[in-house]
Amino acid sequence: MFNIQDNNLKKIISHSKEYGFVFPSSEIYDGLSAIYDYGPYGVELKNNLKEYWWKSMVQLNDNILGIDSSIFMHSNTWKASGHIDAFNDPLIDNRDSKKRYRADVLIEDHIGRIEKKKQKEILKAKKRFKEDFDEKKFCETSPRVLKYIEEIEKISTQLNDYLKSKNLNGLKDLIISLGITDPISGTKNWTDVRQFNLMFSTDMGSVDSNKNLIYLRPETAQGIFLNFLNVINSSRMRIPFGIAQIGKAFRNEIIARQFIFRMREFEQMEMQFFVSPKSEMEWYKKWKNTRIKWHHILNLGRDRYRFHDHKNLAHYANAACDIEFNFPMGYKELEGIHSRTDFDLKAHQKLSGKKLTYFDQKNNKAFLPYVIETSIGLDRLFLAVLSGSYIEESLNDGSNRVYLKIPFPIAPIKVAILPLNAKDKLPDKAKEIYNQLKIQFSTQYDEKDSIGKRYRRQDAIGTPFCITIDYESLETNKVTIRNRDSMQQERISVDKINKYLENNTSLNILLNQLN
Ligand code: GAP
């Protein structure tokens, strides 16, 4: 069995398009860079992922409530949050290729190449020494590996320092001194590094003189902060408690590549957990554990996840980490967990002049709560599920099949109803069963093509079960149910199908593991 995880984003992209998961936006006009549309199966999968997140946050926790705030917010929001002044990427152009890059990404890619060389050395030694190989000892003693480690540390420290101090000349000098060339032109003909703000803006109001510059939100979190008191006052929540939200966010990303990994319009699922000051590190650790468990339950393989603790903290955080997933292009950020202190509430209180403190009745004192944030990109989660589920398999009869091993509870279609052929009374019986199931499960009816072809089609969209209605079914009221992964088939009574599917595809299977 070969799993695509090894290396093939291209296959995921073409499979997504061919089977109705993701389409490039505005394709007839040659597309719009880093914007994508979700097709019939994509939207189902996305909705199921949202439901898994929403229920695990809002339904399973009696101290987390949901909201749905608007995309447009008063522009002072972004002044207070720091996005107008600090939500920038350092950009550099290559004069020969006329291409624009993020300076920090060019340097990170360079570090990645050194890391690869280091791994190669380790692999070589592993092969040479076989069972006797002690990787830790080898890394501590091999002069080559030590040199690579030292190089990586030195460059990373410089990069972090320059980013933190916004030293743009330092970034350019580092690119030059490392001899980094443009991947397209191969030259080192770089411009200076400049800051570029990532927010999209537009005007509100139709009369010119009344025009107001307004931003499309770059994160959903600020809608939660601005509604913090509204939620407390209307729900009488006490600290610690959280507010969760799913919604669109917009960033004018410069490096628009890697499919739906980095988009200009994307969806976030964010939760701000309000706690008393000084308790934030305890809650930070708790949310790290809760969130990684949530991911592991999806069963895409525990070794595909890792934590990356941030050294270079964002302007609002006193601790932060990413949950990284091993995407086809390597380990990359899937979710961020941030200890945001009281930065946002304090900044909004100051700029708005409105009191945003929480009153602690027990201790008779008012204070600004600290915040732990969990923030996951829905589109990245979607890509993690697709790339973690895509399987190319050679079968014993010499044929091949491609199937999506999507966890049953989040599969777009749970069951397909397939009459053996489209004649006699088989379609009638099949439609009867379809009508019985469609209220409870996302169900598809298909009578076109051979049964083998129909199985393959359902495999390709990740349908866990196919039900075949044959001539015997008309006599016995029993049908064949086929499991997507094992391809095993069993006979089952029509009146038992609902329970069977419920036991195998309900979202509760995942939610129960969280409880
Ligand atoms: N409120 C905090 C925040 O927005 P972030 O690390 O900038 O933090 C959170 O973003 C998550 O949003 C990321 O972990 C990622 O999954 C997703 N995300 C960020 N930028 C994205 C983009 N351009 N395209 C798709 N997903 C993105």
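Predicted model: local features only at pLDDT ≥ 70, side-chain atom pairs only at ≥ 80, totals over all residues.
Buried area is the accessible area, found with a 1.4 Å probe, that two parts lose on being put together, summed over both.

The domain assignment divides the chain into three parts. Taken over C-alpha atoms, the centres of domain 1 and domain 2 lie 28 Å apart. Where they meet, 8 residues of domain 1 are in contact with 11 residues of domain 2. About 760 Å² is buried between domain 1 and domain 2, and carbon and sulfur atoms account for 57% of that area. On the side of domain 1, Ile254, Ile255 and Asn312 give 65% of the area buried against domain 2, more than any other three residues.

The next topic is the ligand. It has 21 residues around it, and those that come nearest are Glu219, Met263, Glu270, Glu333 and Leu334. By type, the residues of this shell are 6 nonpolar, 5 polar and 10 charged. Which strands each supply at least two residues of the shell? They are strand 11 (265-275), strand 14 (330-341) and strand 17 (370-377). Strand 14 gives the largest share, with 6 residues.

In the side chain of Glu270, an N or O atom is 2.5 Å from a nitrogen atom of the ligand. For Glu253, the separation between a side-chain N or O atom and a nitrogen atom of the ligand is 2.9 Å. With Gln268, the ligand atom is an oxygen, and it is 3.0 Å from an N or O atom of the side chain.

Now consider the backbone. Most residues other than glycine have a negative phi, and most peptide bonds are trans. The loop between helix 10 (228-235) and strand 10 (241-250) contains Pro240, and Arg236 lies in that loop too. Ile239 and Pro240 are joined by a cis peptide bond, with omega at about 5°. Arg236 has a positive phi, near 60°, although it is a residue other than glycine.

The last stop is Ile451, a residue of helix 15, which spans residues 451-461. With which residues is Ile451 in contact, leaving aside its neighbours within four places in sequence? They are Leu418 and Thr468. Ser185 is 266 residues from Ile451 along the chain, and the C-alpha atoms of the two are separated by 52 Å.

Note on methods
Residues numbered from 1 in each chain as written. Heavy atoms only, no water. Near = heavy atom within 4 Å. Polar contact = N/O pair within 3.5 Å; in protein donor to acceptor, adjacent residues only side chain to side chain. Helix = DSSP H or I, 4+ residues; strand = E, 2+ residues; numbered from the N terminus. Nonpolar A, V, L, I, M, F, W, Y, C, P; charged D, E, K, R; others polar. Domains from an automatic or database assignment. Contact = heavy atoms within 4.5 Å.
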